[in-house]
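The sequence and the model are shown first, and notes grouped by topic follow.

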Amino acid sequence: MPFGDGTGPAGQGPGTGRGAGAGAGRGRGRMGGSSPGSGTGGYCICPNCKYRVPHQAGNPCYSIKCPKCGAQMVRE
Ligand SMILES: [Zn+2]
Ligand SMILES: [Zn+2]
């Protein structure tokens with residue numbers, strides 16, 4: 001909120017923007033998430049050498065081994 005800005009429309013803009021944004025965000029999130037809890041995206045990281053690979057949905061991190069050192073990957 002810009003203090004000292006006496007323009008009315010400035011106040012209305014953010015209000016409508018939030019409403020539309022929240023609705024679209026929730027809708028997309030529910031549709032995209034097939035397995036709540038595990039989630040999609042993110043990275044699997046090697047606890048040994050910190051090597052990261054993009055996490056694959058339906059592929060548990062611990063089932064992946066680090067391509068560099070062979071350690072068991074974990075969720076970042
Ligand atoms: Zn490693
Ligand atoms: Zn993972």
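Helices (H or I, at least four residues) and strands (E, at least two) are DSSP runs, numbered from the N terminus. Read in that way, the protein follows the pattern α-β-β-β along its sequence. This is a predicted model, in which local features need pLDDT of at least 70 and side-chain atom pairs count only at pLDDT 80 or more, while totals for chains, interfaces and linings use all residues. Residues are numbered from 1 along each chain as its sequence is written, and side-chain values use heavy atoms, with hydrogens and water left out.

**Zinc site**
- The zinc ion (ligand 1) has as protein donors (N, O and S atoms within 2.8 Å of the metal, or 3.2 Å for Na, K and Ca) the SG atoms of C46, C49, C66 and C69, lying 2.3 Å from it.
- The donor residues of this zinc ion are spaced C-x2-C-x16-C-x2-C in sequence.
- C46, in the loop between β1 (43-45) and β2 (52-54), and C69, in the loop between β2 and β3 (74-75), are 23 residues apart and link distant parts of the chain.

- Buried means under 20% relative accessible area, exposed over 50%, and partly exposed in between (1.4 Å probe, protein chains only).
- C46 counts as buried because its relative accessibility is 0%, whereas C69, at 36%, is partly exposed.
- Of the 76 residues in the protein, 13% are buried.
- I64 is in contact (heavy atoms within 4.5 Å) with C44, N59, A71, Q72 and M73, not counting residues up to four places away in sequence.

Technical notes: Chains lettered and ligands numbered in written order.
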